[in-house]
Amino acid sequence: MTGGSRRTALTVCLVAACLAVAVSSLFTGTESVSVARAWAEWRQGRSPAESPVLSILLHQRLPRTLAALVAGGGLALAGCAFQALLRNPLATPYTLGIASAGAFGAWTATILLQWQGLALSLLGFSPVQGIAFLFAAFDVGLIYFMATRKARLSPSVLLLAGVTMGMLANAGILFMRYLALPEEL
């Protein structure tokens, strides 16, 4: 078997395994769901409001499964992008400090909102999520700037810069925990 056909066979096996796990997740949960009953209700043209099995499948388990597939795919693409940018298989959002920067943003927003007593929401997103995203985006921007400027830094230096950013963000988290009200921590 050549290298290309091995890679194709592996890809087909992984896609089949992903589909099998996705289908099995539709029928896994606290409420048992009969495949035959769900199929019969769907073939009869009953609405999800009239059939509890279809309602569970369409309103709870299918969105959960699709969200898991999209989130997993997005994380895989982000990991591949980091590894390609830095030409290092160890580059992840954790080693580059991006996850820590997002956590620092979430802690900062939580503490500031405690002091102000605000509970806002814009398009379904809380300010905590927005500020966490901004802190993580700032960290990504800083790493990207260092990677693409004229005097390019080596990938190992970029990884060390990311680790340093992660440590600084963790120090910021500890500082925010120090500022937090103990009864609301």
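Let me begin with a term: a residue is called buried under 20% relative accessible area, exposed over 50%, and partly exposed in between, with a 1.4 Å probe and protein chains only. Phe 135, at 27% relative accessibility, therefore counts as partly exposed.

What you see above is a predicted model, in which local features need pLDDT of at least 70 and side-chain atom pairs count only at pLDDT 80 or more, while totals for chains, interfaces and linings use all residues. Residues are numbered from 1 along each chain as its sequence is written, and side-chain values use heavy atoms, leaving out hydrogens and water.

Now the aromatic rings, which pair if their centres lie within 6.5 Å, taking the six-membered ring for Trp, and count as stacked with planes under 30 degrees apart, edge-to-face over 60 and tilted for the rest. The structure holds two such pairs. Trp 39 and Trp 42 form a tilted one, 5.2 Å centre to centre with 40° between the planes, and both residues are exposed. They lie three residues apart, about one turn, in helix H2 (residues 35–43), where helices are DSSP runs of H or I with at least four residues, numbered from the N terminus. Phe 104 and Phe 135 have ring centres 5.3 Å apart and planes at 80°, so this pair is edge-to-face. Because Phe 104 lies in helix H4 (residues 98–116) and Phe 135 in helix H5, the pair ties together parts that are 31 residues apart in sequence.

Lastly, Ile 98: leaving aside neighbours within four places in sequence, Ile 98 is in contact with Phe 82, Pro 93, Ala 136, Asp 139 and Val 140, contact meaning heavy atoms within 4.5 Å.

Definitions and conventions: Helices (H or I, at least four residues) and strands (E, at least two) are DSSP runs, numbered from the N terminus.
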